Amino acid sequence: MTTVRGTVEVFPTADELAVAAADRFVAAAAAAIDATETFSVALSGGSTPRALFALLASEAYATRVEWSRVHFFWGDERCVPPDDEASNYRMARETLLDHVPIRAANVHRIRGEDSPAAAAEHYERDLRAAFASPTGAPRVAPGSRFDLVLLGLGTNGHTASLFPHLQAVREHMRWVMAEHVEVLQMWRITLTPAILNAGAEILFLVSGRDKAAVLRRVLYGARDVDELPAQVIAPEDGRLHWMADAAAASDLPAT
Ligand code: 6PG
């Protein structure tokens with residue numbers, strides 16, 4: 001289905017959602033590597049992408065991506081060390097990165113162990129170097145932006161670590177920000193809409209009945225990015241696509 005906030009595909013189960021997402025990842029990687037010899041992907045955190053990462057590392061998929069040409073970034077991170085169980089980097093490492101032939105230099109993780117301000121500053125420098133944009137807005141051109149951005153959706157409408165009623169959701173200059181998230185009592189490092197919306201393809205993965213109400217509000221409700229930060233995601237010159245399982249899509253209007 002097509003909505004004002006991108007196209008939506010619904011899959012009967014979470015497993016079928018993961019397979020479709022893995023196929024999309026493989027296709028996006030092949031297209032980008034064909035065009036620029038590299039594939040820059042921003043990974044999401046949380047629990048939903050686990051199945052996708054494990055599938056990409058599996059026999060069925062591991063040989064279908066030229067892993068040595070893939071540059072891995074993260075859309076956000078918790079301010080914890082890389083071996084902490086809450087670390088998004090650790091989750092991706094354990095489910096994917098440790099199992100495919102990547103180049104260590106191509107893994108651009110957010111240094112959650114540093115002070116929040118230093119981690120955000122360091123990651124902005126890292127991103128700007130990777131996309132050859134030392135200053136100003138990201139260039140929406142191949143090789144200068146993410147080829148694929150993976151995002152999740154929180155039950156409160158947050159995505160990456162763009163949380164309701166905080167500042168980062170309205171940031172248009174900085175690419176990376178540190179925010180203290182009161183409801184979680186923790187600091188988070190997040191990419192901002194400035195760099196996320198420059199992505200060539202943005203893919204939301206949403207799974208589970210507990211996401212049904214917020215998914216409907218984000219896709220069909222009135223636009224209020226402070227209340228529903230996921231609504232700020234609107235690629236400047238790219239594709240916005242949602243993949244949901246039937247449980248998460250159970251409140252969406254029947255097509
Ligand atoms: C994080 C994520 C966050 C996540 C949503 C959904 O660091 O937690 O990047 O934005 O995608 O909270 O999380 P689940 O997939 O666990 O429901």
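Is H165 buried or exposed? H165 is exposed, with a relative accessible area of 52%; exposed means over 50% relative accessible area, buried under 20%, and partly exposed in between, for a 1.4 Å probe and protein chains only. This is a predicted model, in which local features need pLDDT of at least 70 and side-chain atom pairs count only at pLDDT 80 or more, while totals for chains, interfaces and linings use all residues. Residues are numbered from 1 along each chain as its sequence is written, and side-chain values use heavy atoms, with hydrogens and water left out.

**Sheet**

- Seven strands make an open sheet with mixed pairing, in the order β1-β2-β10-β9-β6-β3-β4.
- Strands (E, at least two residues) and helices (H or I, at least four) are DSSP runs numbered from the N terminus, and two strands pair if DSSP finds at least two bridges between them.
- The edge strands, β1 (2-3) and β4 (70-74), each pair on one side only.
- β1 runs antiparallel to β2 (residues 6-11), and two bridges join them; T2 stands opposite T7 in β2.

**Strand β6 and its neighbours**

- In β6 (residues 148-151), L148 and L150 point one way and V149 and L151 the other way, and all are buried.
- On the β3 side (residues 39-43), the strands run parallel and are joined by two bridges, with A42 opposite V149.
- Three bridges join β6 to β9 (residues 201-206), again in a parallel arrangement, and here V149 stands opposite I202.

**Nonpolar core**

- A nonpolar core is a set of buried Ala, Val, Leu, Ile, Met, Phe, Trp, Tyr and Cys residues joined through side-chain atoms within 4.5 Å.
- The largest nonpolar core has 80 residues, of which F39, F72, W74 and W242 touch the most other members.
- Helix α1 (residues 14-36) gives the most to this core, with ten residues.
- Leaving aside residues up to four places away in sequence, W242 touches R5, G6, T7, V8, E9, L153, F204, V206, L215, V218 and L219; contact means heavy atoms within 4.5 Å.

**Salt bridges**

- A salt bridge is a side-chain nitrogen of Lys or Arg within 4 Å of a carboxyl oxygen of Asp or Glu, and by this rule the count comes to 15.
- The side chains of E113 and R109 form one of them, at 2.7 Å from N to O; E113 is partly exposed at 32% relative accessibility, whereas R109 is buried at 19%.
- R111 pairs with D114, where the closest N and O atoms are 2.7 Å apart; R111 is partly exposed at 30%, and D114 is partly exposed at 24%.
- E121 and R125 form a salt bridge with the closest N and O atoms 3.7 Å apart.
- Because E121 and R125 are four residues apart in helix α5 (residues 116-130), about one helical turn separates them; both E121 and R125 are exposed.
- Salt bridges that share partners join R109, R111, E113 and D114 into one network.

- H165, in the loop between β6 and β7 (176-181), has a positive phi of about 65° although it is not a glycine.
- E37, in the loop between α1 and β3, has a positive phi of about 70° and is not a glycine; E37 is exposed, with a relative accessible area of 51%.
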